[in-house]
Amino acid sequence: MEGTGGSSASAAAVQPVNQRLQEFSKLFQYYLDKSTPHSTYRWIGTFVIASIYLLRVFYIQGFYIVSYGLGIYMLNLLIGFLSPLVDPEMEPSDGPLLPTKGSDEFKPFIRRLPEFKFWYSFTKAFCIAFLMTFFSVFDVPVFWPILLCYWVVLFVLTMRRQIAHMIKYRYIPFSLGKQKYGGKKSSASSSGSRAD
């Protein structure tokens with residue numbers, strides 16, 4: 001009998017904690033949804049968080065292994081952001097998925113990792129890395145120039161492959177606003193020459 005009274009008391013103590021956690025989760029999701037259309041301000045906030053992390057690592061002069069892991073994760077996110085959802089090399093199809101010549105039909109570039117998820121993962125990684133700097137178990141003594149050189153080599157090789165892939169399949173992973181149909185260029189120029 002005493003055991004049931006103790007478990008009901010602990011369940012009653014957990015109830016407000018769960019309720020507060022749900023309220024916080026709803027509030028966080030609300031502000032996250034409100035920030036979706038404001039990409040410039042989101043990225044400014046992320047760079048402020050990244051600057052705080054970098055200043056902390058610089059002044060502590062440690063946690064280089066955490067920074068290296070963060071750099072590898074950022075590189076992975078960047079590759080996902082720059083890659084198309086359907087890789088033309090991996091999945092053969094009947095026709096071209098991305099336009100490779102002027103006569104091909106335009107199909108919009110769809111990223112494997114959308115911008116919002118890229119931003120959210122990027123920001124969350126910096127926050128987690130910042131929190132890791134408060135635990136000395138992650139401050140592994142390491143010669144940081146070796147890690148930096150290895151990361152630069154990895155970055156150059158990966159980006160060279162990614163850029164070669166972009167050139168081969170002629171896609172640009174960046175768009176500057178909504179694309180509009182401007183009509184056929186060739187028919188407009190030919191009709192202009194007929195008027196003369």
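These legends describe close-up views of one predicted protein model.

Residues are numbered from 1 along each chain as its sequence is written. In this predicted model, local features need pLDDT of at least 70 and side-chain atom pairs count only at pLDDT 80 or more, while totals for chains, interfaces and linings use all residues, and side-chain values use heavy atoms, with hydrogens and water left out.

**View 1**
Helices (H or I, at least four residues) and strands (E, at least two) are DSSP runs, numbered from the N terminus. The order of elements is α-α-α-α-α-α. Of the 196 residues, 24% count as buried. Buried means under 20% relative accessible area, exposed means over 50%, and partly exposed lies in between (1.4 Å probe, protein chains only). Contact means heavy atoms within 4.5 Å. Among contacts with a separation of 6 or more, 85% join residues 24 or more positions apart.

**View 1. Three spans carry the UniProt annotation "transmembrane region".**
The unreviewed entry places them at residues 40-59, 65-86 and 142-160. UniProt positions follow the numbering used here, feature names are shortened, and annotations may be inferred rather than shown by experiment. In the model, residues 65-86 are 82% helix and 0% strand, with end C-alpha atoms 33 Å apart. Residues 142-160 are 89% helix and 0% strand, and their end C-alpha atoms lie 28 Å apart.

**View 2. R42 is a buried arginine in helix α2 (residues 39-60).**
Its relative accessible area is 6%, so R42 counts as buried. A polar atom of the R42 side chain lies 3.1 Å from the backbone oxygen of T36. The charged end of R42 sits over the ring of W119, 4.9 Å from its centre. A charge sits over a ring if NZ of Lys or CZ of Arg is within 6 Å of the ring centre and within 35 degrees of the ring normal. Leaving out residues up to four places away in sequence, R42 touches S35, T36, E115, F116 and W119.

**View 3. The charged end of R56 sits over the ring of F134.**
The distance to the ring centre is 4.0 Å.

**View 4. Aromatic rings pair up in this model, with 17 pairs found in the whole structure.**
Y30 and Y31 form an edge-to-face pair, 5.2 Å centre to centre with 70 degrees between the planes. Rings of Phe, Tyr and Trp (its six-membered ring) pair if their centres lie within 6.5 Å; planes under 30 degrees apart count as stacked, over 60 as edge-to-face and the rest as tilted. Y30 is partly exposed at 45% relative accessibility, whereas Y31 is exposed at 52%.

**View 5. Y64 and W144 form a tilted pair.**
Their centres lie 6.1 Å apart, with 35 degrees between the planes. This pair links distant parts of the chain: Y64 is in helix α3 (residues 64-82) and W144 in helix α5 (residues 144-169), 80 residues apart. Y64 is partly exposed at 24%, and W144 is partly exposed at 44%.

**View 6. The largest nonpolar core has 22 residues.**
A nonpolar core is a set of buried Ala, Val, Leu, Ile, Met, Phe, Trp, Tyr and Cys residues joined through side-chain atoms within 4.5 Å. Y53, L70, M74, F118, F122 and F126 have the most contacts inside this core. Helices α2, α3 and α4 (115-132) each give two or more residues. Helix α3 gives the most, with eight.

Beyond its neighbours within four places in sequence, F118 is in contact with W43, L77, L78, F81 and L113.

Conventions
A polar contact is a pair of N or O atoms within 3.5 Å; within protein, one must be able to donate a hydrogen and the other to accept it, and residues adjacent in sequence count only if both atoms are side-chain atoms.
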